Amino acid sequence: YWYDPAVTVDDKEPSHNVTATLELLKREGGSKVATSLMLYCEDLIRPDGSFHAGASIGCDAMIPQLNAMGIGAERIVGSPSIDSLRAMFQSPANSIAGMVALTKKHKLRGISWDVEPPNSTKADAVQYAAYLKQLRAALAPLGARLTTYNNMYDPVISDMGDIQHSV
């Protein structure tokens, strides 16, 4: 499942939806219902290619409770543009280190990517696959998985032949 817990009450506490979702999962048996929950926590790649861990009250409230239920949390990373991704491809160490640190801090089950930047190319897909391979290797010692979305409309994520062995 994927979930967006970013909505808060006065930017101070998670919304009722977060509380209700956690209560529902607990009531229905936790990991008997879901093994992972992919969370939009406002994590993104900055224009300079570095990783920015989002500040999300909802994610911070959910992740420890999901872990306690045996449901793995997987944070979703996005990018505002193909230029941000291209900068990340050229200098991957910072973003990879940031995602590894985030995974350790929250005991994440994984990292997932949701990128659909306009104007990407087949060359971007090749670089994306190479980057994901490096990230997967860095996450593997933590037991964390790596996933990415794909579609046929955006070249950077449309070629599963390039991506499939990297996630």
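Guide: Happy to! Two strands pair if DSSP finds at least two bridges between them. Strands (E, at least two residues) and helices (H or I, at least four) are DSSP runs, numbered from the N terminus. This is a predicted model, in which local features need pLDDT of at least 70 and side-chain atom pairs count only at pLDDT 80 or more, while totals for chains, interfaces and linings use all residues. Residues are numbered from 1 along each chain as its sequence is written, and side-chain values use heavy atoms, with hydrogens and water left out.

Visitor: Which residue in S7 is the bridge partner of isoleucine 76?
Guide: Strand S6 (residues 72-78) and S7 run parallel, joined by four bridges. Isoleucine 76 has its bridge partner in S7, and that residue is serine 112.

Visitor: And which residue in S8 is the bridge partner of tryptophan 113?
Guide: S7 also pairs with strand S8 (residues 145-148), in the parallel sense and over four bridges. There, tryptophan 113 has as its bridge partner threonine 148.

Visitor: Which residues cover the two faces of strand S7?
Guide: Buried means under 20% relative accessible area, exposed over 50%, and partly exposed in between (1.4 Å probe, protein chains only). Strand S7 (residues 110-113) is covered on both faces, with all of these residues buried. On one side are Gly110 and Ser112, and on the other Ile111 and Trp113.

Visitor: How do H1 and H2 lie, roughly parallel or oblique?
Guide: Axes are lines fitted to C-alpha atoms, for helices over the stretch in contact, and angles run from 0 to 180 degrees between N-to-C directions. Angles under 35 degrees count as roughly parallel, over 145 as roughly antiparallel, 65 to 115 as roughly perpendicular and the rest as oblique. Helix H1 (residues 16-27) and helix H2 (residues 57-69) cross at roughly 5°, their axes coming within 10 Å. So H1 and H2 are roughly parallel.

Visitor: Which residues of H2 does H1 meet?
Guide: Contact means heavy atoms within 4.5 Å. From H1, the residues taking part are Val18, Thr21, Leu22, Leu25 and Lys26. In H2 they meet Gly58, Ala61, Met62, Gln65, Leu66 and Met69.

Visitor: At what angle do helices H3 and H5 pack, and what does that make them?
Guide: The axes of helix H3 (residues 82-90) and helix H5 (residues 122-139) are 10 Å apart, and the packing angle is about 50°. Therefore H3 is, relative to H5, oblique.

Visitor: Which residues of H5 make the contact with H3?
Guide: H3 brings Ile82, Arg86, Met88, Phe89 and Gln90 to the contact. H5 brings Asp124, Gln127, Tyr128 and Tyr131.

Visitor: Is threonine 103 buried or exposed?
Guide: Threonine 103 sits in helix H4 (residues 93-106). Leaving out residues up to four places away in sequence, threonine 103 touches Leu108, Ile111, Leu139, Leu142 and Ala144. Because its relative accessibility is 3%, threonine 103 counts as buried.

Visitor: What is the relative accessible area of glutamate 42?
Guide: Glutamate 42 belongs to strand S4 (residues 36-45). Its phi is near 70°, a positive value in a residue other than glycine. Glutamate 42 is partly exposed, at a relative accessible area of 47%.

Visitor: What separation do the C-alpha atoms of lysine 32 and methionine 69 have?
Guide: Lysine 32 lies in the loop between H1 and S4, and at 77% relative accessibility lysine 32 counts as exposed. Lysine 32 and methionine 69 are 37 residues apart along the chain, and their C-alpha atoms are separated by 9.4 Å.
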